[in-house]
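Please open the model in your viewer and keep the selection tool ready. The tour below goes from one selection to the next.

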Amino acid sequence: IYTTGFCPYCYRAKGLLDSKNVEYKEIDVTMNASKRLEMSLIAGSRSVPQIFVDGKHIGDCDGIHMLEQQGILDLSLGIAS
């Protein structure tokens with residue numbers, strides 16, 4: 001998950017992942033222009049957060065909450081039912 005230190009959406013997305021006991025690697029792009037560029041190239045967006053599972057982009061904060069509402073976030077995260 002690509003984040004910044006001051007982003008409320010990042011905290012919200014991490015909260016959802018934490019509630020599912022998902023381990024994740026956080027990449028803080030606050031002061032890291034090369035990582036932000038990397039994120040924007042692979043996600044197609046400069047906004048944070050951007051969430052990836054096994055290299056596959058699954059969305060931003062709104063995106064993963066939408067997957068949760070649709071009942072398919074666990075599947076996207078690779079969580080067995």
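Begin by selecting E26, which is partly exposed with a relative accessible area of 37%, where buried means under 20% relative accessible area, exposed over 50% and partly exposed in between, with a 1.4 Å probe and protein chains only. This is a predicted model, in which local features need pLDDT of at least 70 and side-chain atom pairs count only at pLDDT 80 or more, while totals for chains, interfaces and linings use all residues. Residues are numbered from 1 along each chain as its sequence is written, and side-chain values use heavy atoms, with hydrogens and water left out.

K14 belongs to helix α1 (residues 8–19), whereas E26 sits in the loop between α1 and β2 (27–28), 12 residues apart; helices (H or I, at least four residues) and strands (E, at least two) are DSSP runs numbered from the N terminus. K14 is buried, with a relative accessible area of 12%.

Next, select K20 and D74, whose side chains meet in a salt bridge of 2.7 Å, N to O. K20 is in the loop between α1 and β2 and D74 in helix α4 (residues 73–77), 54 residues apart.

Finally, select E38 and K35, which form a salt bridge at 3.5 Å, N to O. Because they are three residues apart in helix α2, E38 and K35 are separated by about one helical turn.

Notes
Salt bridge = Lys/Arg side-chain N within 4 Å of Asp/Glu carboxyl O.
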